[in-house]
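Please read the following notes with the sequence and the model side by side.

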Amino acid sequence: MAVRPRLIDALAGFAAILAMGAWLFGSPANPIVGLSTAPKSSVSEAAARIDVAIESHWKPDIQPSPLADDLQIARRVALALRGSIPALTEIRWLESRPQATRLDEWTERLLGDQCFADYFAERFARALVHSKGSDFPMPFRRDCFLTWLTEQIAENRPYDQIAHDIITAEGVWTNDPAANFFTAHEADPIRLTTRTARAFLGLRLDCAQCHDHPFADWNQRDFHGLAAFYGATKLARFSTGIYDVEREYSFLPVGQELRETISPQVPFSPHLLSRDGHPRERLANWVTHPANPYFAKALVNRVWALLFGVGLIEPIDDLDARTELAGALDVAAAEFKRSGYDLKHIIRVIASTEAFRRQSAFHADYAVESEAVLAAFPSTRLRPEQLARAMLQTLALQKNDYAESWYFRLAEWGLVDELGDKYEEEMEPREGNLAQRLMMMNTRSLSLPLDHHWGGTAAELNLLSKSPQECVETAFLICLTRRPNDQELRICTDLLKDASLPQRAVRLQDLFWVLNNGSEFCWQH
Amino acid sequence: MDIGKPRGSASRREFLRFSSLSALSWCSAQALALAGETSNSNRLPARAKSAIILWMSGGPSQLETFDPHPGTSTGGPTRAIKTRLPGVQIAADLPQLAEQMDKIALIRSTVGKEVDHDRGSYLMRTSYQPTESVVHPAFGSICAANLSGGDLPPFINFLCAEKRSRAGYLGDLYDRLIVGDPQQPPKNMAPNVALDRLHDRISMLKSLESQLHARNPHLVERTLHEKQIDKVLAIVRSEETRAFRIGDEPIAVRARYGDTPFGRSCLAARRLVEVGVPCVEVELANWDSHVFNFDKHKELNATLDPAFSALLADLAERDLLDSTLVIWAGEFGRTPKILGFDGRDHWPHGFSVALAGGGIRGGQVIGATDPAGSPKPSDPVTIQDLFATLLNAMGINPATERIIGSRPIKLCEGKAIPRLLT
């Protein structure tokens with residue numbers, strides 16, 4: 001573990017340029033064929049166990065929401081797994097499948113798609129390498145890490161191995177992409193420890209950095225003992241790589257004048273820590289040890305939050321918080337461990353729970369309460385990248401392929417840029433700001449492709465539909481993944497009824513605008 | 001599974017249970033905010049009604065702007081000139097500002113803790129060092145949340161390159177709206193269809209939303225979607241958006257600010273303040289002079305000097321200066337030591353911040369830096385105390401607390417500096 005990358009420092013600059021070239025012109029990886037490793041029954045049994053754990057805390061008078069219809073669930077799964085809504089062609093495909101299995105088939109289809117690995121890795125990476133600062137002066141270090149993580153997720157590599165690789169990574173940032181976990185934090189033990197505790201253990205130890213934690217039992221020695229595992233890790237000159245040196249770690253105890261040297265030690269379960277070996281190797285083995293009480297839970301809670309918009313425990317990286325749903329997290333984490341840390345398996349399980357398939361709450365009076373115990377699906381605002389992808393998807397009848405097409409990546413980038421806020425406060429509840437609403441309502445980026453002179457969905461619908469009713473129904477499917485009810489159909493067909501063909505095209509643009517600006521479009525529900 | 005240590009006392013559990021419930025009810029906090037309800041306890045006697053922040057991104061050199069040391073080992077080729085303020089000299093490249101120095105309270109001994117751009121600007125803009133656990137609101141967002149404005153968004157930034165939100169825990173409603181050079185109208189603020197067609201669209205949207213409401217009142221009410229739509233509609237229809245149209249100003253006024261994006265934005269900032277926007281931020285970038293420090297500053301000063309001085313004079317002529325706090329600051333200063341290729345590095349140990357207008361006692365200088373380059377300026381002013389002073393000038397109590405996650409956080413932990421305030 002002590003290869004010093006200095007000799008190749010100079011080459012790293014060229015490598016950066018090459019990396020960018022590969023990123024611009026490299027051909028995308030082949031779509032991975034989805035293969036369910038676990039038999040279906042094990043998925044539904046595990047899902048049922050989680051549901052039992054959730055429901056065991058329900059008050060007797062609770063009125064759980066009924067299960068949502070298949071299309072609505074399909075929309076949820078697509079937003080969670082690839083950040084966009086189902087395309088019209090996909091809806092038609094879904095409806096052609098047998099009802100009993102179509103949702104499982106849909107999840108499988110999404111999990112096998114490169115779009116899933118791309119999107120999930122990006123969301124997941126924010127727990128690891130997102131820092132409040134930008135990535136200056138090495139903007140490609142994050143991309144490098146992300147590409148690596150995407151490959152791991154596409155291959156469905158066991159998560160404990162991924163975590164182990166990250167914690168023990170070393171070498172030049174271009175050759176050893178996982179090492180960018182360290183370069184992204186300038187190899188600073190404080191920041192690395194904060195990240196490690198939050199991402200891999202779901203613990204907010206950082207409060208204990210300067211003082212003992214005000215509410216939990218963590219103290220300053222817990223934090224700095226953990227930080228000492230990273231004490232010998234060094235960033236090579238020009239931030240080009242990571243290697244280890246012989247160095248002791250010290251910290252300033254609260255109320256003291258002198259720094260105190262501390263050797264690597266863990267804040268709990270010390271018997272799981274091996275006595276000898278390289279500090280980061282020891283740390284990685286301890287973090288990923290099957291008996292570590294937090295590791296599996298931290299990941300499952302994060303995956304849960306990516307599917308539901310909120311975690312079983314909130315904030316998602318503060319597992320010390322005990323709530324009614326903590327029992328369900330224990331069950332789900334046990335299943336994750338049992339499956340050998342199989343990411344796709346736990347996604348299948350969570351997506352199969354009744355909790356995931358319930359309608360969102362109807363009655364404002366007890367909505368917050370029933371969402372809190374998952375008697376109803378929580379309504380959360382779509383993230384900027386989900387909103388951008390959903391809007392772009394309404395411009396096409398077929399699936400926008402982000403893994404294949406540069407057009408969509410650029411268009412998405414432009415919209416997310418306008419919507420703002422791609423990286424910050426990843427899982428915080430947000431209500432959306434005025435700039436975003438201004439953009440949704442007034443942007444010209446979307447009006448051009450919608451304009452009938454240029455083709456686009458409104459024009460295609462206008463020309464291909466046999467009746468105004470069919471126009472409206474298809475527009476609802478494209479934008480909201482559902483059919484209109486009678487009143488909606490009436491309101492919308494009134495708009496189109498007496499119009500000439502060119503007029504109808506213009507009014508269809510209005511209809512798309514209206515559907516895309518409604519609360520149903522902008523919120524996960 | 002055994003854990004080496006007992007976890008979680010009963011009181012902590014209770015506490016977190018409470019705080020997790022309150023996290024779920026975040027939308028009612030937003031409902032309160034939208035309804036315009038604010039607690040009165042955080043208000044002090046108001047001095048300024050609006051703030052204009054001139055943000056010098058990159059970190060300007062104090063030695064080439066407001067704190068020259070000509071003829072010393074740290075001074076470099078920068079010359080100094082006399083100002084309206086007896087005995088106070090500033091860089092010779094800022095002759096018009098020298099004429100306005102009687103309005104300015106100059107702090108030459110600001111001390112920060114961060115030497116990284118992002119961390120430094122976070123500290124300067126929020127008064128807190130960045131942490132992983134909470135995002136603190138920027139000064140402008142605090143103004144936006146505490147002062148009443150008109151139809152326009154309450155915190156508007158000109159020329160910022162980064163899209164980061166700055167309202168933090170105050171909520172998205174107080175994020176800044178970032179716009180570009182006012183030579184072009186701001187993006188997305190005018191409808192992309194004729195106004196009557198937009199009205200048709202919105203009435204259709206409302207009738208569909210009421211359909212949805214009949215089936216799922218929670219979704220519609222919780223999202224406050226309709227209120228946001230109404231806010232956008234108010235902006236689109238508002239006469240106040242004319243404030244962005246600097247073309248309406250006489251040519252002589254425009255010329256005074258300078259024909260640069262920064263100058264034009266400063267002029268637009270004045271117009272926005274006139275229609276009651278609580279905070280406007282104008283950015284001038286590229287101060288990060290690790291090489292060719294003197295040439296860079298000469299160039300940037302040529303942009304800064306007319307714009308800043310015209311803004312102060314213009315505000316004063318219109319009787320707006322007493323109600324408008326003007327802040328000139330960057331994330332840090334630059335090293336007294338001159339490095340290779342005439343560069344200066346980052347320096348948080350004594351740098352200049354200039355204040356003027358509402359609530360501020362102009363015509364004074366606080367602190368002094370050592371011409372030999374010692375990192376210990378006399379009469380040091382911490383960023384926390386500076387921030388508390390600025391909040392005071394806006395009539396906002398810096399000690400206002402909020403429970404964020406599991407702990408109370410003050411708007412600012414500093415103490416206002418009385419001699420800076422009127």
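1. A cavity is a set of points, on a 1 Å grid over the protein atoms alone, where a 1.4 Å probe fits but cannot get out, and lining residues have an atom within 4 Å of a point. Grid points are joined across faces, edges and corners, and a volume is the space filled by probe spheres set on the points. By this definition the largest cavity holds about 150 Å³ of space, and the search of the whole structure finds seven cavities of 30 Å³ or more.

2. This is a predicted model, in which local features need pLDDT of at least 70 and side-chain atom pairs count only at pLDDT 80 or more, while totals for chains, interfaces and linings use all residues. Residues are numbered from 1 along each chain as its sequence is written, and side-chain values use heavy atoms, with hydrogens and water left out.

3. The largest cavity is lined by 15 residues, and those closest to its centre are B:Met124, B:Arg125, B:Phe139, B:Ile327 and B:Leu390. With helices (H or I, at least four residues) and strands (E, at least two) taken as DSSP runs numbered from the N terminus, the largest share of this lining, four residues, comes from α12(B).

4. In chain A, which has 26 helices and seven strands, A:Asp206 sits in the loop between α10 (189–201) and α11 (220–227). A:Asp206 counts as buried because its relative accessibility is 10%, and buried means under 20% relative accessible area, with a 1.4 Å probe and protein chains only. The C-alpha atoms of A:Asp206 and A:Thr194 are separated by 5.4 Å, although these residues are twelve residues apart along the chain.

Terms used: Chains lettered and ligands numbered in written order. 1 Å grid on protein atoms, 1.4 Å probe; cavity = no way out; pocket = protein on both sides within 12 Å on 5 of 7 lines; lining within 4 Å. Buried < 20%, exposed > 50% of the residue type's maximum accessible area, 1.4 Å probe, protein only.
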